[in-house]
Amino acid sequence: MAEKNVGALAVLEGSRLVGIFSERDVVTRVVAKQLDPRTLPVKDVMTKQLVVADAAESDEACLRKMKGANCRHLPIVSGDKLVGMISLRDLLLAGLTERDEKLEYLTSYLFHLSPDAGQK
């Protein structure tokens, strides 16, 4: 996780999602209990009670799920197949980009004068 700079990993058995292992799991289930991470199986410390989102769900629905589950990473599935992972940071950055684009559009709309505006 540190090498790839990621905060959570999906845990699969074959192609089936069976858990998620996050930074929070490291802190609360490994470090706090003074367990040896070099010998500890991930299945023993991963989060097994999964909250997932369908690939067709909106950003807002994903945010609601993450808020309800108090989590920062959400596996994205299509049917029973894991297709990705989204983070709270991803959703916040997408929201900021969308707001910036809307603000730019509105500013352009408000301050743009058409060539024939003075003829009326």
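Hi everyone, thanks for coming. Before anything else: this is a predicted model, where local features need pLDDT of at least 70, side-chain atom pairs count only at pLDDT 80 or more, and totals for chains, interfaces and linings use all residues. Residues are numbered from 1 along each chain as its sequence is written, and side-chain values use heavy atoms, with hydrogens and water left out.

Let's start with the fold. The protein chain has 3 helices and 5 strands, and reading along the sequence gives β-β-α-β-α-β-β-α. Helices here are DSSP runs of H or I with at least four residues, strands are runs of E with at least two, and both are numbered from the N terminus. Of the 120 residues in the chain, 23% are buried; buried means under 20% relative accessible area, exposed means over 50%, and partly exposed is in between, with a 1.4 Å probe and protein chains only. The accessible surface comes to about 9300 Å², and 55% of that belongs to carbon and sulfur atoms. Those areas are from the Shrake-Rupley method with a 1.4 Å probe, and for residues only the protein chains shown count as cover. As for contacts, meaning heavy atoms within 4.5 Å, take the ones between residues at least 6 apart in sequence: 36% of them join residues at least 24 apart.

Now the inside. Which residues make up the largest nonpolar core? There are 8 of them: A53, C62, M66, C71, L74, I76, I86 and L91. Helix α2 (59–69) and strand β4 (73–78) are the elements that give two or more residues to this core. By nonpolar core I mean a set of buried Ala, Val, Leu, Ile, Met, Phe, Trp, Tyr and Cys residues joined through side-chain atoms within 4.5 Å. If you click on C62, you'll find that it touches A53, L74, I76 and L91, not counting residues up to four places away in sequence. Apart from this core lies another one of 6 residues, including V18, F21, V30 and M46.

Let's stay with V18 for a moment. V18 sits in strand β2 and counts as buried, at 13% relative accessibility. Beyond its neighbours within four places in sequence, V18 is in contact with V11, L12, E13, M46, T47, K48 and L50. V18 and T47 are 29 residues apart along the chain, with 8.7 Å between their C-alpha atoms.

Leaving out neighbours within four places in sequence, K65 contacts V51, V52, A53, E57 and L74.

A pocket here is an open set of points on a 1 Å grid over the protein atoms alone, where a 1.4 Å probe fits and protein lies on both sides within 12 Å along at least five of seven lines; lining residues have an atom within 4 Å of a point. The largest pocket holds about 280 Å³ of space. Its lining has 16 residues, and I20, S22, T47, C71 and H73 lie nearest the centre. Helix α1 gives the most to that lining, with 3 residues. By class, the lining has 6 nonpolar, 6 polar and 4 charged residues.

The second largest pocket has about 240 Å³. Among the residues lining it are M1, N5, G7, H73 and D90, and helix α3 (residues 88–111) gives the most, with 3 residues.

Is H73 buried or exposed? H73 is buried, with a relative accessible area of 18%, and its place is in strand β4. Setting aside neighbours within four places in sequence, H73 is in contact with G7, A8, I20, M66, M85, I86 and S87.

Last, some backbone angles. Most residues other than glycine have a negative phi. N5, however, has a positive phi near 55°; this residue is in the segment before β1 (8–13) and is exposed, at 71% relative accessible area. Q34 also has a positive phi, about 55°. Q34 is in the loop between α1 and β3 (53–54), and is exposed too, at 74%.

That's my tour, and I'm happy to take questions.

How values were computed. Grid points are joined across faces, edges and corners, and a volume is the space filled by probe spheres set on the points. Ala, Val, Leu, Ile, Met, Phe, Trp, Tyr, Cys and Pro count as nonpolar, Asp, Glu, Lys and Arg as charged, and the others, Gly among them, as polar.
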